[in-house]
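User: Can you walk me through this one? I'd like to start with the charged pairs.

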Amino acid sequence: DFSRFYDLLTDNVEYEKRADYFCRLLSMCGIKGGILLDLGCGTGSMSVQMAGRGYDVIGVDGSVGMLNAAQQKMYESGMQMLLLNQNMQEIDLYGTVDCAICVLDGINHLCNSSEVKKTFDKVSLFMNPGGVFAFDVNTKYKNKKMSYYVYNKYDILFQSFIFKSYLCNVFHGTTNHKNILLMKKILLTLFCFATLAFAANA
């Protein structure tokens, strides 16, 4: 079970700083609290951090083992969170959320553009108007040029991307080729921003 080793593999992640960074991103878009969806929450480290910063957290993950570890962290921290065993492209929530995050390259775990689209559709479906979806991804540039940086401060500096809910609505309920191409253009723009941001901070 990968969940037994996950925290060891991500032991160098500065979750507090990463949570502070995502809170700043959300705050820049007017989100300073409310219900937060943590997609691919894993063992719950980020969920606990965001709950500690005042968000009502819903953690979603496809692994029961990961959620068991997240539940243990929840009890140990004294935080209250709702944990759901669901794949991110098939989420089915009880209501809407004010914002969503997907950290530590969770989007990269999706197998193809169809799964990415399904995930964005679902996030859009359960997002309140004006909500924000903030996520990070591993880019081709990072994997080729910066493989020695693993989950450090540069990761959150040049890979985070804000996806406003009105952009999600572009994809909601549609499956045509033009929208898939549009999504690819948006992701390509993200890769360009990542490269430019790194160059500016090199």
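User: How many salt bridges are there?
Analyst: The count comes to 4 salt bridges. A salt bridge is a side-chain nitrogen of Lys or Arg within 4 Å of a carboxyl oxygen of Asp or Glu. This is a predicted model: local features need pLDDT of at least 70, side-chain atom pairs count only at pLDDT 80 or more, and totals for chains, interfaces and linings use all residues. Residues are numbered from 1 along each chain as its sequence is written, and side-chain values use heavy atoms, leaving out hydrogens and water.

User: Which residue does R18 pair with?
Analyst: R18 pairs with D136, with the closest N and O atoms 2.8 Å apart. R18 is in helix α2 and D136 in strand β5, so the bridge ties together parts 118 residues apart in sequence. Helices (H or I, at least four residues) and strands (E, at least two) are DSSP runs, numbered from the N terminus.

User: Are they buried or exposed?
Analyst: R18 and D136 are both buried. Buried means under 20% relative accessible area, exposed over 50%, partly exposed in between (1.4 Å probe, protein chains only).

User: What about K117?
Analyst: K117 bridges to D121, again with closest N and O atoms 2.8 Å apart. Both sit in helix α5, 4 residues apart, about one turn of the helix. K117 and D121 are buried.

User: New topic. Where is L82?
Analyst: L82 is in strand β3, residues 81-85. L82 has 35% relative accessibility, so it counts as partly exposed.

User: How far is the C-alpha of L82 from that of I58?
Analyst: The two C-alpha atoms are 4.7 Å apart, though L82 and I58 are 24 residues apart along the chain.
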